[in-house]
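Welcome! Take a moment to look at the sequence and the 3D view, then read on for a short tour.

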Amino acid sequence: MSKTSRVIFNPTDDELLEILRDAGYRVSVPCRRCGHPLTADHSVDRRLGPSCARREAA
Ligand SMILES: [Zn+2]
């Protein structure tokens with residue numbers, strides 16, 4: 001098994017992000033609240049880490 005582990009940090013727009021993810025790259029974006037790099041799909045979608053998402057929801 002040779003799953004790519006390459007990470008693309010902070011692609012410039014959502015379309016590019018989708019293309020990279022479809023191609024099998026891991027994509028990382030900075031949390032818009034604290035700047036921490038996010039790689040989990042749902043966090044990347046929201047541009048928000050789990051702990052910051054909880055704070056925003058409160
Ligand atoms: Zn955060």
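## A first stop: threonine 12

Helices (H or I, at least four residues) and strands (E, at least two) are DSSP runs, numbered from the N terminus. Threonine 12 counts as exposed because 7 other C-beta atoms lie within 10 Å. For these labels, a residue is buried if 20 or more other C-beta atoms lie within 10 Å of its own, exposed if 12 or fewer, and partly exposed in between, with C-beta atoms placed from the backbone. From threonine 12 to alanine 53, 41 residues apart in sequence, the C-alpha to C-alpha distance is 22 Å.

## About the model

What you see is a predicted model: local features need pLDDT of at least 70, side-chain atom pairs count only at pLDDT 80 or more, and totals for chains, interfaces and linings use all residues. Residues are numbered from 1 along each chain as its sequence is written.

## The chain as a whole

The protein chain has three helices and three strands, and from the N terminus its elements follow the order β-α-β-β-α-α. Its C-alpha atoms fill a box of roughly 40 × 25 × 15 Å along the principal axes.

Of the 58 residues in the protein chain, 7% are buried. Two residues are in contact if their C-beta atoms, placed from the backbone, lie within 7 Å. Among contacts with a separation of 6 or more, 4% link residues 24 or more positions apart.

The three strands form an open sheet in the order 1-2-3, with mixed pairing. Strand 1 and strand 3 (37–38) are the edge strands, each pairing on one side only. Two strands pair here if DSSP finds at least two bridges between them.

Strand 1 and strand 2 (residues 26–30) run parallel and are joined by three bridges; valine 7 has arginine 26 in strand 2 as its bridge partner. Strand 2 and strand 3 run antiparallel, with two bridges, and proline 30 is partnered by proline 37 in strand 3. Six residues lie between the strands of this hairpin, where glycine 35 takes a positive phi near 85°.

## A last stop: helix 3

Serine 51 sits in helix 3 (residues 50–57). Is serine 51 buried or exposed? Serine 51 counts as exposed, because 12 C-beta neighbours lie inside 10 Å. Between serine 51 and tyrosine 25, 26 residues apart along the chain, the C-alpha atoms are separated by 25 Å.
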